[in-house]
Amino acid sequence: MSKPVLGVCVTGSFCTFEKVFAQLEGLTRHFSLLPIFSFNAAGLDTRFGKAADHVARLKQLSGRDPILTIPQAEPIGPKGMTDILAVVPCTGNTLAKLAHSIVDTPVTMAVKSHLRNGRPVVVGVSTNDALAGAAQNLAALQNRKHYYFVPYRQDNSAKKPTSLVADFSRLEETLWRALEGKQVQPMVLGET
């Protein structure tokens, strides 16, 4: 039996890249990875590393050239290229775009294209305004068919009271449950 194809959609929550990439290394045992980057994730150098290094790392890990443009992402649905997508990490900006069906990055095109086949999309939220401006978008996606969430928590309620971050150590569990059409529970975790 062949491995399910996991489209790994990376958006610009750069501070979580290391946690996400570490989880993806383990996932290669059970999934074939197809990396997809937002324009910011693929193009911005930050204090968390160089964009080219992040792209190269996922290329090496997956053995595939990452999808970096909207035209490259468009055939995902029509060609049935993915069994499941994971938007990890998912910024507040990307949450808003997905909630309002805005397609202006390779990641948002990948999700739109993938959803046409009624296949699951896993979201690993990571945004400082999840309990503020982004709350309505988070709620909208939680109420939509085919969206599943990596369990999340406030990462520092004293210093960042509106911030949420996924527990990326629960990514694999969430993927398998989503492939069964189920949301892993509990979805909201206590603070560490």
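Student: Hi! Which way do strand 4 and strand 5 pair, and over how many bridges?
Tutor: Hello! In this predicted model, strand 4 and strand 5 (residues 147-149) are paired in the parallel sense, with 3 bridges.

Student: Which residue stands opposite Tyr147?
Tutor: That is Val121, which faces Tyr147 in strand 5.

Student: And how does the chain get from strand 4 to strand 5?
Tutor: The chain passes through helix 7 (residues 135-142) on the way, making a β-α-β crossover that is right-handed.

Student: What about strand 3 and strand 4, parallel or antiparallel?
Tutor: Parallel: strand 3 (residues 84-90) pairs with strand 4 over 4 bridges. Within that pairing, Val87 sits opposite Val123 in strand 4.

Student: Okay, and strand 7 with strand 4, parallel or antiparallel?
Tutor: Those two run antiparallel, and 2 bridges join strand 4 to strand 7 (residues 164-166). Here Thr127 is the residue opposite Leu164 in strand 7.

Student: How many residues of strand 4 are buried?
Tutor: In strand 4 (residues 121-127), 7 of the 7 residues are buried, so the strand is largely enclosed by the rest of the structure.

Student: Which residues are on which side?
Tutor: Val121, Val123, Val125 and Thr127 are on one side, while Val122, Gly124 and Ser126 are on the other. Both faces of strand 4 are covered.

Student: Switching to helices now. At what angle do helix 1 and helix 3 cross?
Tutor: Their axes cross at roughly 10° and come within 11 Å; helix 1 covers residues 17-27 and helix 3 covers residues 51-62. Angles under 35 degrees count as roughly parallel, and helix 1 and helix 3 are therefore roughly parallel to each other.

Student: Which residues meet there?
Tutor: From helix 1, Phe17, Glu18, Phe21, Ala22, Leu24 and Glu25 meet His54, Arg57, Leu58 and Leu61 of helix 3. Sorted by class, this contact has 6 nonpolar, 1 polar and 3 charged residues.

Student: And how far apart are the axes of helix 1 and helix 8?
Tutor: The axes are 10 Å apart, and helix 1 packs against helix 8 (residues 171-179) at an angle of about 55°. That angle makes helix 1 oblique to helix 8.

Student: So what residues of helix 1 meet helix 8?
Tutor: Gln23, Leu24 and Leu27 do, and their partners in helix 8 are Leu171, Glu172 and Leu175.

Methods:
Residues are numbered from 1 along each chain as its sequence is written. This is a predicted model: local features need pLDDT of at least 70, side-chain atom pairs count only at pLDDT 80 or more; totals for chains, interfaces and linings use all residues. Side-chain values use heavy atoms; hydrogens and water are left out. Axes are lines fitted to C-alpha atoms, for helices over the stretch in contact, and angles run from 0 to 180 degrees between N-to-C directions. Angles under 35 degrees count as roughly parallel, over 145 as roughly antiparallel, 65 to 115 as roughly perpendicular and the rest as oblique. Contact means heavy atoms within 4.5 Å. Ala, Val, Leu, Ile, Met, Phe, Trp, Tyr, Cys and Pro count as nonpolar, Asp, Glu, Lys and Arg as charged, and the others, Gly among them, as polar. Buried means under 20% relative accessible area, exposed over 50%, partly exposed in between (1.4 Å probe, protein chains only). Two strands pair if DSSP finds at least two bridges between them. A crossover is right-handed if, with the strands pointing away from the viewer, the path from the first strand over the helix to the second runs clockwise.
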